[in-house]
Amino acid sequence: MKLRKKIFIFIGLVAVLGIGATYLLLHMILLNRFEKLDEAQLQRNLTKAVASYNEELQDMKTGLLNYSVWDETYRFMESVRNTGPALSGGTAPTPSSFDQTTYEINRFDMIALLDLNGSPIYGGSYDLALGSVTPLTQEQLTLFKLIHSRLPAFTGTEESRSGVVILDKGPMLITLTPIAGSSSDKPVIGTAVAGRMLHQDEISHIWKDTLSTIHVSRATSALLAESGGQPTWTHPVSDGMMSIHTAVNDLFGDPGLIISLKEPRQLYNSGLKSIGTFRMLYFISMLLLLAASMLFVNRFILDRMSSLVRNIRAIGSSKDLSIRIPSTGRDEFGEVEVEFNRMIDSLEQVQNELRQQSLLDPLTQLPNRSLFFAKLNEAIAAAKGLNRQIALVFIDLDHFKTVNDTLGHDFGDAILKETAFRISQVVGKHDVVSRLGGDEFTILLSDVPDAGSIHTQLSRIQEALSMPHHIKGHLLYNTASIGISIYPQNGEDADYLVKQADLAMFHVKETGRNNIFLYSEDLEAGIRRKKVLAQQLLSAAVANEFEVHYQPILGAGTLQVSKVEALLRWTSPSYGSISPAEFIPLAESSGSIVGIGGWVLRQVCSDMREFRSRGLEVTAAVNISALQLMQPGLLELLLDLLHEYELPASSLELEITESVLVSGDSIFRSLQQLRAHGFRISLDDFGTGFSSLSYLRRFPVDVIKIDRSFVSEMSPAPPGDVLVKAIIELSHNLGLRVVSEGIEHQEQFDMLRALGSDELQGYYISRPLQVTALYSFLAQKNYFPESK
């Protein structure tokens, strides 16, 4: 994803999150606060409504007291008590102060004077529709009895009671005051009662707030259940209106009225409207800020970054370090541009230095591979059509790795520098000396008229390289293997000429080093053959190209076959039958001998089991290479094969060469382990390698095989058998058995028996045989009758 897109997405996310956070903040905090304020205001209004209700009762009480404390009212009650007329019978007396005007001025709907027994002495109801005072209703008379029965009588002039009572027509505000006259020393003679119906006009008179709507209803069990036991409760908001309720006790202390106050959510609605306006303005401002931010980022960051990238790509695609990025400001991008130009300056300087050094070897300051091939191609182009010869010399120092490993790379580098100097001193001024790498040098002899001049120059070079090196107090001798190819005889291509000279040098390495060899087609064919064979050896065992032949070995005393030597034969798919003398060294040098040796051991064990199944108890001598002995797991492999094919360890005799004895302690330990597990060890080709009596005495060897070269040089005339006789006697003195190999004539056979050789092997007895032919040979039983 491009950085531009990432930045725009980031700014957009920040804006969205900002808008979302602001929205949540406004709605969850501010609107909630407005709602709380509305609820608090509603609570205050309810408190005011209840206070207005109480004030209304107090106003009624005050109005009633104006009449109950009059002496005239007191005298009226006394006269009625003395005469005893009742309100229910006859014509009721009427106090002069309780006329129709009294009802209208005090807004009383009912007035009554009760005696101490709660019976009405005077009473009347004001009918607003008729505009006259009417007698008390039966419901009102019942109410007076209820008041007398449930409320205690007044005992002093200071007492009074107010409240509400529920009538069939609706709730009525009622107040009760004692009738005691204006003198405080008179006893209470009765009770004055005044009532005012709590109809809608009265409610409106009590509550004059125009924003709120007050409603008074009778307290029912359903309404009281909504309160949850709380004195004040609210209902959920509906249609934008809030409502709050409280219960008011009646005159007798029981819940009588529910006062409900309902009003609009003024603050909340106002806040919601303001927040809506703010939200719109905030959203617009955020969009403008987002657009401004994107324009700023695009103009002052991304565009400049894109310009910087384009300039860098232009420099990278053109590979021209002379291009510079123009500075566009003094900010951080300007600093990047300046630093990038400074880096390009450094790279340009380094490039120039590398261009100069790229053509030279850093150690010897000779032309390197690139420059040498350029010079060689130039020389070939110049020589074409002019009948001129060019000699290409390929030099590889002998045993140079030993110098690095033993003395260190400082000595090796010193030798390389000295070698480069010596070669440069003995070649012509038009010749080119180069170091291809490591310890390999090439020389281009650009004009050689004949073979004699080439030989002369090469002699001087070889002589110069053979001189000793004096390095840090050490006198070091060094030789070189030199290969040569000639233009145009050996090719007209630079790469091909170098390859051919390299092949010639490689041949010198393989044939003893410190020599000079000229490339030939036969050489290339031989090297190609070795490479093909080495490659095919890797898969020869899997492809079943190997076959094991067995050469019988006779016991000298019994003239019976005591054992056979397993000899490997190979048929190459490209070259046919290959001699072991050719493919065994290739297998050892390539490392494939380990896998091949494992295949041979398995095949021999398989054949030995087949021999034993036919009743032929013979031992197989198998050649083991030094690489096999040094590999971990040889003993485990042999033991597994013996177990798999149910063979004893005596069925195998492991043959090693004398060169193995000088390979080190690891070989010694490996031989000891093999011998400890019952395997016999045979020393093959004794006397032709690094013969040493100390090795022969030290190493665990059971059998000595006298090399065929000693047997072939034996003669009947003295002292033709001295060496063989000495080897046999020495071996017997060391407790070793002796096998003589390479017997090709009867005279050799008879002499070796006479000298005491324990076992005999050679073409005179039998050539190596395939398994089927070996069965027939072993079936003869009498191999050498006396007549033979």
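User: Where does Arg513 lie in this predicted model?
Analyst: Arg513 sits in the loop between H13 and strand S17 (516–518).

User: Why is Arg513 called partly exposed?
Analyst: The relative accessible area of Arg513 is 34%. Buried requires under 20% and exposed requires over 50%, so a residue at 34% falls in between and is called partly exposed.

User: What makes the phi of Arg513 worth a remark?
Analyst: Phi is positive, about 70°, although Arg513 is not a glycine. Most residues other than glycine have a negative phi.

User: Which value of phi does Lys472 have, and where is Lys472 found?
Analyst: Lys472 has a phi near 50°, again positive in a residue other than glycine. The loop that holds Lys472 runs between strand S14 (469–471) and strand S15 (474–476).

User: Why is Lys472 called exposed?
Analyst: Its relative accessible area is 60%. The cut-off for exposed is over 50%, so Lys472 counts as exposed.

User: What is the peptide bond from Tyr487 to Pro488, cis or trans?
Analyst: That bond is cis, with omega near 5°. Pro488 belongs to the loop between strand S16 (480–487) and helix H13 (494–510).

User: How do you know that strand S24 pairs with S23 and with S25?
Analyst: A pair needs at least two bridges. Three bridges join strand S23 (residues 680–686) to S24, and four join S24 to strand S25 (residues 737–740), so both count as pairs. S23 and S24 run parallel, as do S24 and S25. Leu683 stands opposite Ile704 in S24, and Val703 has Arg737 in S25 as its bridge partner.

Conventions
Residues numbered from 1 in each chain as written. Predicted model: local features only at pLDDT ≥ 70, side-chain atom pairs only at ≥ 80, totals over all residues. Heavy atoms only, no water. Helix = DSSP H or I, 4+ residues; strand = E, 2+ residues; numbered from the N terminus. Buried < 20%, exposed > 50% of the residue type's maximum accessible area, 1.4 Å probe, protein only.
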